[in-house]
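Subject: Structure for you to look at

Dear colleague,

I am handing over a structure for you to read through, and below it I have written out what was found. Please keep it open beside the text while you go on.

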Amino acid sequence: MSGPMSNLDLMKQADAFPNPETEPEAYKTLTDTLYTLVWKDGQPLGYMLDSVVKQLLAAPQEIRGPVTVDEGQRTVHAFEQPTEAERTAQVGALMQYWRENHTFDILRGWRDELWPVYGSDTEVVYSAERSGIGLLGIMRYGVHMTGYVKDDGVPYGMKIIVAQRAANKSTYPNMLDNTVAGGLMTGEDPFECIIREADEEANLPEALMRERAKFTGMVTYLYITDERSGGEAGQIYPETQWVYDIELPAEFAPTPKDGEVAAFYLWTVDEVKEKLAEGRFKPNCALVLVDFFVRRGIITRENEPDYDEIVSRLHRKLPFPGPHQTGQYVAKLPPSNFLPLQ
């Protein structure tokens with residue numbers, strides 16, 4: 001877009017899927033083009049593109065398993081074998097088939113990581129290859145952390161640590177990112193995940209993370225991919241992120257470790273705002289920073305005319321099941337690990 005991006009523009013970029021309550025016509029126009037992947041009991045699991053459903057049906061049945069498509073209701077039943085292990089194997093066979101046949105560009109970023117697919121708020125019904133989970137349009141879970149150091153000599157009394165993604169990343173190369181972020185694998189606890197990612201990406205010691213990282217809540221939104229995602233544009237990404245803050249010692253500097261981060265920058269709040277307005281941040285990372293600013297009283301109802309819509313979009317009601325509906329992981333953290341909202 002031309003001109004600087006507002007905070008609401010940043011939210012609309014990450015939470016791009018039309019809201020049925022506030023944008024009913026746009027919602028109907030888009031959903032009329034999609035199929036809904038459903039579970040045995042009719043529970044919606046995700047939104048699939050027409051092109052993906054066609055390739056699903058085109059795959060040999062021994063690869064994809066039984067598939068039922070209801071063109072009237074625009075629903076898809078698939079991967080309904082008796083056990084979770086069998087279902088995971090079936091999805092894996094299909095993803096591998098698509099990968100070997102170069103069916104979808106998104107699978108060029110194959111990660112060999114399994115992400116969970118929930119059939120209810122608590123039950124994982126199967127797992128799928130990370131790079132292909134967007135093809136099914138199902139929930140995606142991750143962890144994001146904003147690191148900062150106190151500095152009484154700058155506005156707002158802090159500087160924020162910003163990561164720049166490596167140029168060879170398959171998704172959003174060179175874009176700015178949160179201090180640490182990563183995807184949640186099947187069976188992984190979010191706090192353990194952010195500790196793992198902090199070590200891998202920023203060389204943050206586990207002891208420092210356990211002492212200082214504070215869980216602040218979840219953000220939920222519905223993203224629509226573009227060409228920067230490393231694959232087919234228009235995929236639907238319903239996402240939940242567990243959000244953490246960490247105050248780091250002034251003398252400590254995170255360093256790139258696993259090659260996913262090119263560099264870290266220590267910027268004032270105003271410098272971060274400037275980069276946000278320029279559209280330099282990966283969309284969901286911009287959303288997490290807006291959440292940080294809201295919680296820290298940097299963005300308020302008094303200084304932001306779109307405050308209510310921004311807050312609403314930070315906590316989008318999602319139509320698919322999973323732990324985001326219950327907050328089941330929150331209770332696993334000790335009370336001292338919570339940061340009160342400010």
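What volume does the second largest pocket have? The second largest pocket has a volume of about 370 Å³, and please bear in mind that this value, like the others here, comes from a predicted model. Its lining is made up of 19 residues, of which Asn19, Pro20, Glu21, Arg316 and Lys317 are the closest to the centre of the pocket. Helix 11, which covers residues 307-314, provides the largest share of this lining, with 3 residues, and the lining as a whole divides into 8 nonpolar, 4 polar and 7 charged residues.

The largest pocket holds about 750 Å³ of space. It is lined by 42 residues, and those closest to its centre are Arg111, Arg130, Arg165, Thr171 and Lys282. Several elements give two or more residues to this lining, among them strand 7 (140-150), strand 8 (158-165), helix 7 (190-202) and helix 10 (283-295). When the lining of the largest pocket is sorted by class, there are 17 charged, 14 polar and 11 nonpolar residues.

The largest cavity has about 40 Å³ of space, and the residues that line it are Leu45, Pro116, Val117, Tyr118, Ile138, Met139, Phe320 and Pro321. Strand 5 (residues 114-118) gives the most to this lining, namely 3 residues, and by class the lining of the largest cavity consists of 8 nonpolar residues, with no polar and no charged ones.

Finally, a word on confidence. The average pLDDT of the protein is 93, and 95% of the residues score at least 70. Over residues 329-342, however, the pLDDT is below 50, although this stretch has 32 contacts in the model beyond near neighbours in sequence.

With best wishes

How values were computed: Residues are numbered from 1 along each chain as its sequence is written. This is a predicted model: local features need pLDDT of at least 70, side-chain atom pairs count only at pLDDT 80 or more; totals for chains, interfaces and linings use all residues. Side-chain values use heavy atoms; hydrogens and water are left out. On a 1 Å grid over the protein atoms alone, a cavity is a set of points where a 1.4 Å probe fits but cannot get out, and a pocket is an open set with protein on both sides within 12 Å along at least five of seven lines; lining residues have an atom within 4 Å of a point. Grid points are joined across faces, edges and corners, and a volume is the space filled by probe spheres set on the points. Helices (H or I, at least four residues) and strands (E, at least two) are DSSP runs, numbered from the N terminus. Ala, Val, Leu, Ile, Met, Phe, Trp, Tyr, Cys and Pro count as nonpolar, Asp, Glu, Lys and Arg as charged, and the others, Gly among them, as polar. pLDDT is the predictor's confidence in each residue, from 0 to 100. Contact means heavy atoms within 4.5 Å.
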